[in-house]
Amino acid sequence: SSGINAEYGAGTEDFGQMMSQLGMFMVTVLGGIAIHFFIVLPSIFFLFTRRNPIIYYYNMLPAMATAFGTDSSSATMPVTLKCVEENNNIDRRISRFVIPVGATINMDGTALYEAVCDSLLPLDKIIISFIFPTKHLWYLYNSHSQTHLVS
């Protein structure tokens, strides 16, 4: 157990410093997602539609709440379709094509998260893997296959 901690720990024996690094990691990820959500996406929306993105976001609140609660694009799709078609008056032919495709390929948050992980994860492999296990089980497996654990 101590071998694993020494091999895959945060590179420090100071728990406070390790938690500080983890906090900075979380702030970096959340900051990137906030910039994307509040600046990049509304700017693109306004540029192409010349409509107010705040009103559009407001009309999409039920879909956003469902997405936040379920963490699944597929489970959110019926609510998203309803919000897009009824609240935002988007043509049904467009929404029935775009929403399923978008639910399949849209991974902006994951892309931002992975970019931060690529630069910061080697510092905190095991801690981040416990907090985000579905995203980093592959990373632990990959690390294990390249180095030998000491028991």
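**Reading the model**

Modeller: The chain has a mean pLDDT of 76, and 62% of its residues reach 70 or more; pLDDT is the predictor's confidence in each residue, from 0 to 100. This is a predicted model, so local features need pLDDT of at least 70, side-chain atom pairs count only at pLDDT 80 or more, and totals for chains, interfaces and linings use all residues. Residues are numbered from 1 along each chain as its sequence is written, and side-chain values use heavy atoms, with hydrogens and water left out.

Biologist: Which elements have the lowest and the highest mean pLDDT?

Modeller: Helix H1 (residues 2–8) has the lowest, 44, and helix H3 (residues 53–59) the highest, 96. Over residues 135–140 the pLDDT is below 50, though this stretch has 15 contacts in the model beyond near neighbours in sequence. Contact means heavy atoms within 4.5 Å.

Biologist: How many helices and strands does the chain have?

Modeller: Nine helices and zero strands. Both are DSSP runs numbered from the N terminus: helices are H or I with at least four residues, strands are E with at least two.

Biologist: Why is Thr80 called buried?

Modeller: Buried means under 20% relative accessible area, exposed over 50%, and partly exposed in between (1.4 Å probe, protein chains only). Thr80 has a relative accessible area of 14%, so Thr80 counts as buried. Thr80 lies in helix H5 (residues 73–87). Leaving aside neighbours within four places in sequence, Thr80 is in contact with Met60, Ala63 and Ile99.

Biologist: What do the buried residues of H5 pack against?

Modeller: They pack against H3, helix H4 (61–70) and helix H6 (92–105). Among the buried residues in H5 are Thr76, Met77, Leu81 and Val84.

Biologist: What makes Phe38 exposed?

Modeller: Phe38 has a relative accessible area of 59%, which is over 50%, so Phe38 is exposed. Phe38 sits in helix H2 (residues 15–49).

Biologist: Which residues form the nonpolar patch on the surface?

Modeller: Ile35, Phe38, Ile39, Val40, Leu41, Ile44, Leu47 and Phe48, with about 810 Å² of accessible area together. Patch residues have over 30% relative accessible area and no salt bridge; like charges are joined within 9 Å, nonpolar side chains (Val, Leu, Ile, Met, Phe, Trp, Tyr) within 5 Å. A salt bridge is a side-chain nitrogen of Lys or Arg within 4 Å of a carboxyl oxygen of Asp or Glu. Accessible areas come from the Shrake-Rupley method with a 1.4 Å probe; for residues, only the protein chains shown count as cover.
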